[in-house]
Amino acid sequence: MEKLSSKPAGVIIEGVSKSYTVNKSKLVAVNNISFEVPAGTLFGLIGPDGAGKTTLFRMLTTLLLPDAGNIWVDGLNAVADYKALRKKIGYMPGKFSLYTDLTIQENIHFFASLFETSFEENYDLIKEIYEQIAPFKDRRAGQLSGGMKQKLALCCALIHRPSILFLDEPTTGVDAVSRKEFWEILQKLKTEGITILVSTPYMDEASLCDRVALIQDGKIMQIDTPQHIVDHFDKPLYAVKSPKMLPLLKMLEKDAAVLDIYPFGEVHHMVLKSKDSKVNLPEDATMQVIKPNIEDLFIYLMRNHE
Amino acid sequence: MNKTAILVENLSKQFGHFKAVDQISFEVAQGEIFGFLGANGAGKTTAMKMLCGLSMPTSGKATVAGFDVYTENESIKKSIGYMSQKFSLYEDLTVKENIKFYAGIYGISPKQIIQKTESLLRQLSLEKEANVLVGQLPLGWKQKLAFSVAIFHDPQIVFLDEPTGGVDPITRREFWNLIYEAAEKGITVFVTTHYMDEAEYCNRVSIMVDGKIEALDTPSNLKSNFNAASMDEVFIQLARKAKRSE
């Protein structure tokens, strides 16, 4: 047998697939995915609901067997060495999965004891997060607000000082301010040497990761640093604006020079077929060259995959 | 001057000593797209429940579609549509069955249901999926269908609670197209979202902080008043002031 522990730390995914049978039809959730997450990095898996993020996370955390392919996490094989691996990883599922009838403190102590450690032993790692919920430590988890539940779940996922942390959509349904705070926490955990794999449907969070994979329909569309990812966008992109935004959109949708146009906040983003394409703008409209962001690239890739 | 769809004056809701909604006042015109923003726990859901006739206010006044929230909440329920990310359609009913069920609840005649169902399925390009269980549809399709079902009975106002959470960027924009079309037909749209680019698509936006409405204006006025480049910045300036943690 191959010596499995010879694999480097971090996460290695090789040709992994998983499908489900739903009402006699086959649904491919993860389709031949391969990528690596170097140890110590903050890696983002960016994609909408139904892209396959949760299925992939469940395979990485040894909760689901892949149909094909190999997974190594922190040097261990996720199938053969699943018991040893479970001690080294922390997992925060998208759905709140702690004990609602235990208090904050009881939940953390419970998870610490499962991993044969104690709250005190690793307190320094969770200190900053725990202090924010400490005033409510005797409140039952079921009675906590969304933001506090999220912080408690993070404490429980960290209490055994995992080398790799898996966070499945930790910021879904969370407001813009709390999302920012959560990402600040992740940056600090990274400095503790913890490898973090986080999934999110919010495209704007991609820029906060060291590397990102864009996932859609079970396939990885692109993997790179956030900066390099947007460099793949090689078409001329403009922001267009006029006092009448909806008619402007309808009009430019029909323009032969326009490859794609879509609303983007207060402006529309317009992709032209080539640099020399001449677009007919109404007199009251203005256009300006802009740099693409991850969402522009995601839309571009989705359109080309269709 | 446009007709008023929602009129709210000093509306409050108190749970024990906790003021979930603290004297909010605003007016929404018929056909307007009104963005109702706020941090988690600011009081949005409580306010929305009062406006939908599901929760009795502690004090203040509110009329929705001309009906009083205290005395005419049953009439309010008939005049509005509602959709949220968490609850919208029955996953174990087919597309057609969901439409029939919701239309039936709102008292649409069987004959009309059949006619309108066909045109709706055509409009959403869901003809082939008519007999598919909703649970098997991709999220984006589900959300578009849920919205169409929520306005199937031509309500005066539709309440949308985070309708686009987790939806891919293309479907999110298609969803907003449906919102624009509904507004053009004169349906008032009252919508919450955590996507700040979507705040820009609203005619006017209110931002709640700790139970109070701290700002209310068009997106462009809000940005100039707060000297901010984007709605994201406006939101963060206001929400950072929040003292209560949900």
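Domain bounds in these legends come from an automatic or database domain assignment. The structure is a predicted model, in which local features need pLDDT of at least 70, side-chain atom pairs count only at pLDDT 80 or more, and totals for chains, interfaces and linings use all residues. Residues are numbered from 1 along each chain as its sequence is written, while chains are lettered from A and ligands numbered from 1 in the order in which they are written.

**View 1. The two domains of chain A.** Chain A is divided into domain 1 (4-230) and domain 2 (234-305). Taken over C-alpha atoms, the centres of domain 1 of chain A and domain 2 of chain A are separated by 36 Å. Contact between them (C-beta atoms, placed from the backbone, within 7 Å of each other) involves eleven residues of domain 1 of chain A and nine residues of domain 2 of chain A. On the side of domain 1 of chain A that touches domain 2 of chain A, two or more residues are given by each of β9 (211-216), β10 (219-224) and α7 (226-231) of chain A. Helices (H or I, at least four residues) and strands (E, at least two) are DSSP runs, numbered from the N terminus. The largest share of that side, three residues, comes from α7(A).

**View 2. Helix α5 of chain A and its surroundings.** The 13 residues of helix α5 (residues 146-158) of chain A should span 18 Å at 1.5 Å a residue, and the end C-alpha atoms are 19 Å apart, which agrees. The expected span is 1.5 Å times one less than the number of residues in the helix. Eleven of the 13 residues of α5(A) are buried, so that the helix is mostly covered. A residue is buried if 20 or more other C-beta atoms lie within 10 Å of its own, exposed if 12 or fewer, and partly exposed in between, with C-beta atoms placed from the backbone. Among the buried residues are A:Gly147, A:Met148, A:Gln150, A:Lys151, A:Cys155 and A:Cys156. The buried residues of α5(A) pack against β6 (89-92), α3 (104-114), α4 (123-133), β7 (164-168) and α6 (176-191) of chain A.

**View 3. Strands β6 and β7 of chain A.** β6(A) and β7(A) run parallel and are joined by four bridges; two strands pair if DSSP finds at least two bridges between them. A:Gly90 has A:Leu165 in β7(A) as its bridge partner. From β6(A), A:Ile89 and A:Tyr91 point one way, A:Gly90 and A:Met92 point the other way, and all are buried. In a regular strand the side chains alternate between the two faces of the sheet.

View 4. Strand β4 (residues 68-73) of chain A pairs with β5(A) in the antiparallel sense over two bridges, and A:Asn77 in β5(A) is the bridge partner of A:Trp72. A:Thr62 is found in the loop between α1 (53-60) and β4 of chain A. Its phi is near 70°, a positive value in a residue other than glycine. A:Thr62 is buried, with 21 other C-beta atoms within 10 Å.

View 5. In chain B, an open sheet of four strands has the order β2-β1-β4-β5, with antiparallel pairing. The edges are formed by β2 (18-29) and β5 (67-68) of chain B; each has a single partner strand, so one side of each lacks a neighbour in the sheet. Strand β1 (residues 4-15) of chain B and strand β4 (residues 59-64) of chain B run antiparallel and are joined by five bridges, with B:Ser12 opposite B:Ser59 in β4(B). B:Asp210 lies in the loop between β9 (204-209) and β10 (212-217) of chain B. Although B:Asp210 is not a glycine, it has a positive phi of about 50°, and with 18 C-beta neighbours inside 10 Å it counts as partly exposed.

How values were computed
Contact = placed C-beta atoms within 7 Å.
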